[in-house]
Amino acid sequence: MYFRDVIGQTAAKQRLTHEVSQGRLAHALLICGPEGTGKLPLAIAYARYINCVHRTETDACGTCPSCVKFNKLVHPDVHFVFPIVKKGKKDVCDDYIGEWRDFVLGTSYFNINHWLNEMGAENSQAQIFAKESDEVTRKLTLKSSEGNYKFVILWLPEKMHLVCANKLLKLLEEPPEKTMFMLVSEAPEMILPTILSRTQRFNIRPIEEEAIAQALQQKFGVLEKESSSIAHFANGNFIKALETIHLNEEKQLFFTLFVNLMRLSYQRKIKEMKMWSEQVASMGRERQKNFLDYCQRLVRENFVYNFHRSGLNYMTLDEENFATRFAPFINERNVMGLIEEISEAQSHIQQNVNARMVFFDFSLKMIVLLKQ
């Protein structure tokens with residue numbers, strides 16, 4: 001992965017290459033920003049650039065020994081840490097490293113749900129377990145293969161177990177010589193304050209619409225007009241753009257479930273609502289949380305739709321067609337109540353409350369709110 005492979009983010013690339021040229025490298029860099037903005041590929045490209053022997057002003061050379069080792073993400077001085085699920089004897093990241101490398105090389109723009117599916121996580125929730133800190137410590141005691149920098153690229157540090165986070169704190173305070181940590185986060189507020197205080201924060205902005213549209217045209221052959229529409233809907237998130245051009249069964253399922261819930265609640269079909277809640281409860285916890293995130297987004301989009309400002313809406317064609325009929329039911333009297341009920345359901349699912357009870361209760365509350 002090179003800087004040229006990272007979509008958009010021109011200012012971020014320029015700042016990183018400038019810091020290398022000036023010799024100002026942070027020992028612990030917190031790269032944070034919204035989903036789908038290219039934080040992980042940017043971190044990998046940055047590590048490659050730092051250790052490149054013949055780098056240019058804008059990118060790594062691609063031909064020196066260090067760059068060649070990066071081609072399959074098997075560089076001995078680059079260590080990856082990422083959330084995993086315990087499965088059989090698999091309890092540290094190295095047990096998944098083959099799948100991880102293939103996955104990242106195949107699609108560098110992905111989220112935690114895509115990775116969970118790749119691992120076959122089912123109902124399990126991914127985490128960076130306590131044992132991982134010992135693995136990182138052990139790896140960093142090894143001598144650099146080329147006498148250059150060693151890197152720990154930690155994807156989603158907010159998923160670290162508390163014990164793991166506390167153990168890594170010592171390494172962040174006093175890292176071995178020529179060692180660099182890159183923490184790639186989407187929720188820095190969930191990271192231990194003591195870790196945050198020992199990192200240099202580097203914020204990544206949403207990708208520009210023009211950059212997304214251009215990437216869709218060049219990489220996937222999407223027509224110019226269609227690519228512009230998809231880029232607007234993506235709202236700076238290239239993962240969302242990819243999900244729009246590729247068949248995404250999960251998003252279609254979420255849309256169908258949302259539409260059915262609203263129709264059944266409005267019609268007060270209690271028996272069917274109970275069946276609906278059982279269907280949602282049969283999904284894994286992670287998918288249930290994703291569905292509630294989707295509900296929250298669609299409620300907001302339908303509320304905004306009432307203002308007839310198309311530039312402020314980010315919906316697919318199916319969602320927009322539904323909004324023409326449904327949006328009037330989302331108004332100033334009930335929008336905050338709807339959002340609060342979704343948030344409460346999210347909290348209960350996070351706490352492992354019985355999913356059937358959570359979603360049936362949630363659907364009953366929709367009856368009252370939609371009538372307001």
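Author: The second largest cavity has a volume of about 30 Å³. The model is predicted, so local features need pLDDT of at least 70 and side-chain atom pairs pLDDT 80 or more, while totals for chains, interfaces and linings use all residues. Residues are numbered from 1 along each chain, and side-chain values use heavy atoms, without hydrogens and water.

Reader: What makes this space a cavity, and which residues line the second largest cavity?

Author: On a 1 Å grid over the protein atoms alone, a cavity is a set of points where a 1.4 Å probe fits but cannot get out; lining residues have an atom within 4 Å of a point. L154, M160, L168, L172, F181, L183 and I195 therefore count as its lining.

Reader: What is the volume of the largest cavity, and how many residues line it?

Author: The largest cavity has a volume of about 100 Å³ and 13 lining residues, with K39, L40, S108, F110 and E186 nearest its centre. Its lining divides into 6 nonpolar, 4 polar and 3 charged residues.

Reader: Which residues is F238 in contact with?

Author: Leaving aside neighbours within four places in sequence, F238 is in contact (heavy atoms within 4.5 Å) with I7, G36, Y109, I207, I212, A215, L216 and F220.

Definitions and conventions:
On a 1 Å grid over the protein atoms alone, a cavity is a set of points where a 1.4 Å probe fits but cannot get out, and a pocket is an open set with protein on both sides within 12 Å along at least five of seven lines; lining residues have an atom within 4 Å of a point. Grid points are joined across faces, edges and corners, and a volume is the space filled by probe spheres set on the points. Ala, Val, Leu, Ile, Met, Phe, Trp, Tyr, Cys and Pro count as nonpolar, Asp, Glu, Lys and Arg as charged, and the others, Gly among them, as polar.
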